[in-house]
Amino acid sequence: MTNTASHAWAALAAHHREFGEKHLRDLFRDDPDRAASLSLSFEDILFDFSKQRLTQGTLDLLVGLAEAASVPEAIRRMFDGERINTTEKRSVLHVALRRFSGPFPDARTDVMPDVLATRGRMAKFAEQLRAGKSQGAHGMAIHDVVNIGIGGSDLGPKMVSQALRALAHPTLKVHYVSNLDGAQLAPLLQTLDPRTTLFIVVSKTFTTQETMLNAETARQWLRANLGGEVDLARHFAAVSSRPERAAAFGVGPERVFPIWDWVGGRYSLWSAVGLALMIAIGPHAFDELLRGAERMDEHFRATPLARNLPVVMGLIGVWNTNFLGAATHAVLPYNESLKYLPSFLQQLEMESNGKSVGSAGDPVGSATCPIVWGELGNNGQHAFFQLLHQGGRLVPCDFIASVRSDYPLPGHQEALLSNCFAQTSALAFGKTAEEVRESMERENVAPEEIAGLLPHRVFAGNQPSSTLLLKSLSPATVGALIALYEHKVFVQGAIWGINSFDQWGVELGKAMASRILPAFADPSLASALDASTRALLAYCRRPS
């Protein structure tokens, strides 16, 4: 029996029918203590979900759904190292990457010696670079580090590097390149000195098309500028599960850092994939990032479901998606340093749970992951917030803000937070026709003008949102925040009965691209392709 056919699911469906379109204005009016009772905290993170369209009774039923879906058992199985990634027959042990002691997951299959040894090598390498002791082929200290990767090998480290940029090394610059479009790499190379530039090639298999083409372009650039006889190994490091391929590319063995098959790309920033991040913020701050995530792991592992932040966050998403019918979910950081968080969460959530087939191969029977999107909230207010307020679509939102700014300017943070809090309130409560009329009457607007403007100035409200309020963007808090979202995704996958740790849709696109690429050079190979693709290729071959 799928989870959607369970008694717990049916109880929630009945509760939803009874709940109807109950408005947040009424929910707050009926429960003066709602803000206190529908919020949770973990260390320096406050999670206020009082503006979600639910009650304590809803939450109790959702916890019952989690119990019926064996979420506690699923958590245990992951931390015990069972092969919960069933289609690839792998354990899911990314939580080991932020631990500081072992054995884990047990004495028989302890991965911690490799994890700690690799972390130690990373720290030594990063410290040499940060101290100016790592030199290029011409004996000059490295001043620029370019991380070449894509997907999880780019999004996570880049996002956290931006989030913690206030801690960045003052002179050693870290850059990220992922796109095949030369418009990303070419302008960057124009700003770099090849004598003082190091490239980190991050690819699990060392065959990823985008990464390897960019890496080859970087190698050619170095040769063209430094001379073909120069030892290019001084300008490369690599992160891969295939060290022999990195060696064949020209990376010295002491500069190849391992990644293991039990680490999925979107969960890999904690590993050697985060080498560029460690270089940017330093090993100590990187350790604090890991410790914050580790403490969230323990909270997730040990806290009862009803007070468990990732569990409650995941259950709210299930309620919004499967019972309220929301098709999208917006992530709105009110902090410039978190500008890459929505992109990171798009991969984390949609690559993990964007599936319609359950772990056993049967149709799930319900909607799964909503479309995740977002932008810096303060910018979004002047763009798409109009649709959120008056577009008539249900769009649950996560508002994320920090009490303290990492770049304080007088008056700025208070104004920023005022905007954040105002938007959550306006989306929740809206403005009734009566309130609009009274406001315009106080402004002495003529009755006939009021009649014409009234429909345009009414706001329905009842848009659900949660607010994640951080005390500051410290490494530990950022680590805990990322782990919170990781575990939220896990909870939802367990409830929907899907494998959150494979990504066969991504693999299909890679395979198709490898078939199309040769047809650019050999038109005869296009005959095996579909008519539309053949036409597109033919258009590309036309003389310009």
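Biologist: Why is Phe-28 called partly exposed?

Modeller: The relative accessibility of Phe-28 is 22%, and since buried means under 20% relative accessible area, exposed over 50% and partly exposed in between (1.4 Å probe, protein chains only), Phe-28 counts as partly exposed. This is a predicted model, in which local features need pLDDT of at least 70 and side-chain atom pairs count only at pLDDT 80 or more, while totals for chains, interfaces and linings use all residues. Residues are numbered from 1 along each chain as its sequence is written, and side-chain values use heavy atoms, with hydrogens and water left out.

Biologist: What makes Phe-429 partly exposed?

Modeller: Phe-429 has 21% relative accessibility, so Phe-429 counts as partly exposed.

Biologist: How many aromatic pairs does the structure hold, and what makes the pair of Phe-28 and Phe-429 edge-to-face?

Modeller: There are 18 aromatic pairs in the structure. In the pair of Phe-28 and Phe-429, the ring centres are 5.1 Å apart and the planes stand at 85°; rings of Phe, Tyr and Trp (its six-membered ring) pair if their centres lie within 6.5 Å, and planes under 30 degrees apart count as stacked, over 60 as edge-to-face and the rest as tilted, so the pair is edge-to-face. This pair links distant parts of the chain, with Phe-28 in helix α2 (residues 24–30) and Phe-429 in helix α17 (residues 412–429), 401 residues apart. Helices here are DSSP runs of H or I with at least four residues, and strands are runs of E with at least two, numbered from the N terminus.

Biologist: Why is the pair of Trp-260 and Trp-262 called stacked?

Modeller: The planes of Trp-260 and Trp-262 are 5° apart, with 5.2 Å from centre to centre, so the pair falls in the stacked class. Trp-260, at 15% relative accessibility, counts as buried, and Trp-262 also counts as buried, at 12%.

Biologist: How do you know that the charged end of Arg-119 sits over the ring of Phe-100?

Modeller: The charged end of Arg-119 is 4.6 Å from the centre of the Phe-100 ring, and a charge sits over a ring if NZ of Lys or CZ of Arg is within 6 Å of the ring centre and within 35 degrees of the ring normal. Lys-22 likewise lies over the face of Phe-19, at 5.4 Å from the ring centre.

Biologist: Which residues line the second largest cavity, and what makes a space a cavity?

Modeller: On a 1 Å grid over the protein atoms alone, a cavity is a set of points where a 1.4 Å probe fits but cannot get out, and lining residues have an atom within 4 Å of a point. Among the residues that line the second largest cavity are Arg-119, Trp-260, Trp-270 and Phe-286. About 60 Å³ of space lies in this cavity, a volume being the space filled by probe spheres set on the points, which are joined across faces, edges and corners. Helix α6 (residues 112–130) gives the most to the lining, with four residues.

Biologist: What makes Ser-466 buried?

Modeller: Ser-466 has a relative accessible area of 3%, so Ser-466 counts as buried. The place of Ser-466 is in strand β11 (residues 465–470), and, leaving aside neighbours within four places in sequence, Ser-466 is in contact (heavy atoms within 4.5 Å) with residues including Phe-47, Asp-48, Cys-397 and Phe-399.

How values were computed
On a 1 Å grid over the protein atoms alone, a cavity is a set of points where a 1.4 Å probe fits but cannot get out, and a pocket is an open set with protein on both sides within 12 Å along at least five of seven lines; lining residues have an atom within 4 Å of a point.
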